[in-house]
Amino acid sequence: MIAASAQDYRELARRRLPRFLFEYIDGGSYAEVTLERNVADLKDVALRQRVLRDVSQIDLTARLFGQDMALPVALAPIGLAGMNARRGECQAVRAANAAGIPFTLSTVSACNIEEVADAASAPFWFQLYMIRDRAFMRDLMARAVAAGCTALVFTVDMPVPGSRYRDYHSGLAGAPGLPGAARRSIQGAMRPGWAWDVGIRGRPHNLGNVAPVLGDKSGIEDFFAWMRDNFDPSVTWDNLDFIRSEWKGPLIIKGVLDSDDAIKAAELGADGLVVSNHGGRQLDGVPSTAKALPAIVDATGDKLTILADGGIRSGLDVVRMLALGAQGVLLGRAWAYALGARGERGITHMLNLIEAEMRVAMSLTGTTKIDQITPDILVEASSV
């Protein structure tokens with residue numbers, strides 16, 4: 001199958017990955033209303049087509065958090081992404097480095113910070129959850145600093161994991177012990193390409209950064225049990241003092257949908273935030289990021305660098321998010337699908353597609369630089 005879009009890579013990933021891994025990437029929480037809104041609302045954003053303008057020189061470069069970028073795009077943190085291809089986060093960081101954009105490593109990655117740093121040729125970002133064990137958090141941040149990570153993405157919309165029905169149906173959750181393991185083994189055996197690449201050649205399967213606290217309990221069920229037990233629902237804005245005392249570089253708060261929360265983040269010293277609903281994987285029924293973004297941009301002005309994620313499947317979607325007020329975007333499922341389908345070369349190709357699609361969208365809206373992509377290129381909803 002020829003891949004011409006992120007949706008094509010989704011289908012390729014579905015064919016290659018065991019069901020429990022594909023559903024983990026692809027699914028959302030509860031009835032997946034917000035997951036669907038993220039995509040649908042972004043598709044509904046209409047752009048003004050402008051013609052007979054000199055668009056022969058398109059400049060896609062951007063500068064975010066002191067870092068020059070070839071595109072206003074970063075790869076979002078995705079838990080267990082490294083299970084989709086052999087040492088997957090290492091493949092992803094190489095693809096991001098080659099494309100001149102940041103890669104963000106998840107706390108709950110398959111490959112640990114040091115392994116990814118060894119694979120990288122440029123600095124990457126690190127994502128952190130609030131965990132009950134503050135000593136473990138402190139150690140993670142110190143390791144990220146030692147590895148040369150330049151920005152910390154602090155995820156705040158996961159005090160407890162969301163209810164994701166697909167994970168129960170696939171056997172990833174809800175079937176402890178032998179029944180769950182047997183279902184996953186059967187699914188893996190039905191995907192021999194994945195089983196050879198990841199299951200055998202991809203060893204060790206030690207769940208990356210949390211391996212030291214898991215000890216001998218290194219199974220995927222042990223990992224999810226650790227997540228349930230160690231994510232901290234008591235976290236408040238006051239805890240940002242702890243993060244700031246340990247992290248001196250750019251601090252990006254991820255998981256904000258409300259303007260009051262965005263203002264609070266600015267007041268407490270955050271450098272940026274990601275307007276995000278966790279890809280529709282946490283509280284179902286909340287607004288899409290496309291709907292939430294403009295109000296947050298209006299409320300914060302130039303106090304914060306605003307990024308956004310959720311529903312972005314093309315370079316056209318990147319331009320839409322920028323026109324709604326974001327200064328950059330995080331790609332999530334798009335790169336996870338590409339990794340699961342074809343590894344590093346899949347991500348590289350997907351990013352090439354994103355770039356080409358951005359060039360077309362900018363050309364046909366009469367914009368030649370990223371800072372020209374503003375709400376002025378949007379069509380009023382009543383006019384569509």
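Which right-handed unit do strand 5, helix 6 and strand 6 make? Strand 5, helix 6 (residues 134–146) and strand 6 make a right-handed β-α-β unit; right-handed means that, with the strands pointing away from the viewer, the path from the first strand over the helix to the second runs clockwise. Helices (H or I, at least four residues) and strands (E, at least two) are DSSP runs, numbered from the N terminus.

This is a predicted model, in which local features need pLDDT of at least 70, side-chain atom pairs count only at pLDDT 80 or more, and totals for chains, interfaces and linings use all residues. Residues are numbered from 1 along each chain as its sequence is written, and side-chain values use heavy atoms, leaving out hydrogens and water.

- Eight strands form an open sheet in the order 3-10-9-8-7-6-5-4, with parallel pairing (two strands pair if DSSP finds at least two bridges between them).
- Strand 3 (73–75) and strand 4 (104–105) stand at the edges with a single partner strand each, so one side of each has no neighbour in the sheet.

**Around strand 6**
- Strand 5 (residues 125–129) runs parallel to strand 6, and four bridges join them; here Gln127 has Val153 as its bridge partner.
- Four bridges also join strand 6 to strand 7 (residues 251–256), where Ile252 is the bridge partner of Val153.
- Strand 6 (residues 152–155) is covered on both faces, with Leu152 and Phe154 buried on one side and Val153 and Thr155 buried on the other (buried means under 20% relative accessible area, exposed over 50%, partly exposed in between, with a 1.4 Å probe and protein chains only).

**A look at Ala189**
- Ala189 lies in helix 8 (residues 178–189) and is exposed, with a relative accessible area of 57%.
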